[in-house]
Amino acid sequence: MIDDDRDYDTSDDDLAARLASLDDDAAAGRAASLRIGLGDYDLDDEDLDILDQSVEDPDEVRYLPALPVLAIVGRPNVGKSALVNRILGRREAVVEDTPGVTRDRVSYRSEWNSRFFTLVDTGGWEPDAKGIDASVAAQAEVAVDLADAVLFVVDAIVGATSTDERVVKMLRQSGKPVMLVANKVDDAVQEPLVAELWSLGLGEPHPVSALHGRGVADLLDTALRVLPEVSAVAKEEVNGPRRVAILGRPNVGKSSLLNKTAGEERVVVNEMAGTTRDPVDEQVELGGKVWRFVDTAGIRRRVHLQQGADFYASLRTTAALEKAEVAVVVLDVSEPISEQDVRIIDLVLESGRALVLAFNKWDLLDDDRRRYLEREIEQDLAHVAWAPRVNISARTGRHLEKLVPALELALESWDTRIATGKFNAFLAELVAAHPHPVRSGKQPRILFGTQASTRPPTFVLFTTGFLDPGYRRYIQRRLREIYGFEGTPIQLNMRVRERRKRT
């Protein structure tokens, strides 16, 4: 297995020059022939949709709509994690395969009956025993604010508790659709226990067994009937100022950055995590352009609730990213790059937003720390070496003007589209120079490629077999070398298809 794209040496080739001299009409014609050739392979309806949506206009911006958000709330030990695993169809412990993303992550992309949605899990957090009622209610309140619909999970065996009743009061006031889930109903013998939950006043309880899967399909059918096609809370805005999320761990200078760019002091920090439920938006003028900054600085650790604070930070970061087009991740250069810094950057990558790295407190940097910092960047941030870097001092305002060209470059890359003809010519040149290695006597072939969407640039390859991770990274690296894509993640998806059997 090839794990390293550096095995493909490209130092002496002139691919960029050859592609630049390529006749657009000829490239489009060759791509059309390749497209016709796909008719010999078994394609499903989704394949055909992708192919029909591919366009030649490089100026057309196309992005995926915001997925509806379904939140799961409830007190500890009612079976929320088991329900999440059941809905995902896999154990939560093995969902994360991205380095640096731990169990603190609460959002998952889910699918049921060909519909995709975002599942928000408020599990994995044990609040302090003394303030359990208030803590669970506060946690649920944040999740509900950032959701389109809610699954409220209750332990049918235990019945409704005072904590459940406290959360119910908030759920009634939210105005969001709420489905009451009576968990741990493993068989018909326990069905009568469900009737007692009518007393909560949330309508008909839905009996399920998250552990065994009983009733979960019917529950999801009901949930999808109330979920909108496009999220109302994470709705994409098409026009208006470009939207910038300011992200980073506590005390790296997010608030100072917003205050300095806004030209005024704004109260965006709150000592009680979760009391300011929406990220603060501020319209600012920077570099002669108007921007909408989404700040997430209102996150502070609540006493004795470190895990709770991690939950709030992760959820609020996710919410800010849903509202934003580009993220500025602020890093404090006076301290070593931490696992939390890398985790926040990885959340940006997963969200598909454009990325700019702002190294704050640059005025405090001495020569020794500068040498260590360069080593940390090379080691910990190698996977985002393509992101524009800006060295600033949010406190003094030094070099803030450099943020604008970095933001514009990242957004331009985020919107970039490569015509189908040019993309297939690019793939043909790559394969001719460095064919995919033979695996088990077979060599996967790339039949056709298209850019399915922008924001972020998303490419789909139709192949005869799975491409090695190192080869996929090679394709991505060459895309960046030829077309730029500075400041944006690139998504490369494969659709492995077999030749149609002749009858």
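This is a predicted model: local features need pLDDT of at least 70, side-chain atom pairs count only at pLDDT 80 or more; totals for chains, interfaces and linings use all residues.
View A. Helix H1 (15-20), helix H2 (24-37), helix H13 (420-433) and strand S13 (446-453) each give two or more residues to the lining. H13 makes the largest share, with 7 residues. Sorted by class, the lining holds 15 nonpolar, 4 polar and 4 charged residues.

**View B. Strand S1, residues 69-73, with both faces buried.** Look along the strand and you will find Val69, Ala71 and Val73 pointing one way, while Leu70 and Ile72 point the other way. On either face, these side chains belong to buried residues. Because 5 of the 5 residues of S1 are buried, the strand is largely enclosed by the rest of the structure.

**View C. The partners of S1.** Here the strand is shown with two others. S1 pairs with strand S3 (residues 115-121) in the parallel sense, over 4 bridges. In this pairing, Ala71 has Val120 of S3 opposite. S1 also runs parallel to strand S4 (residues 149-155), and 4 bridges join the two. Across from Leu70 you will see Ala149 of S4.

**View D. The largest nonpolar core.** This core gathers 27 residues, of which Leu247, Val329, Leu355, Leu357, Phe359, Leu381 and Val384 touch the most other members. The largest share, 5 residues, is supplied by H10. For background, nonpolar side chains tend to be buried together in soluble globular proteins.

**View E. Leu381 and its contacts.** Zoom in on one of the core residues that touch the most other members, Leu381. Leaving aside residues up to four places away in sequence, Leu381 touches Ile337, Val342, Ile345, Leu357, Phe359 and Glu376. Another core, of 26 residues, lies apart from the largest one, and its members include Leu258, Val284, Val326 and Val328.

Methods
Residues are numbered from 1 along each chain as its sequence is written. Side-chain values use heavy atoms; hydrogens and water are left out. Ala, Val, Leu, Ile, Met, Phe, Trp, Tyr, Cys and Pro count as nonpolar, Asp, Glu, Lys and Arg as charged, and the others, Gly among them, as polar. Buried means under 20% relative accessible area, exposed over 50%, partly exposed in between (1.4 Å probe, protein chains only). Two strands pair if DSSP finds at least two bridges between them. A nonpolar core is a set of buried Ala, Val, Leu, Ile, Met, Phe, Trp, Tyr and Cys residues joined through side-chain atoms within 4.5 Å. Contact means heavy atoms within 4.5 Å.
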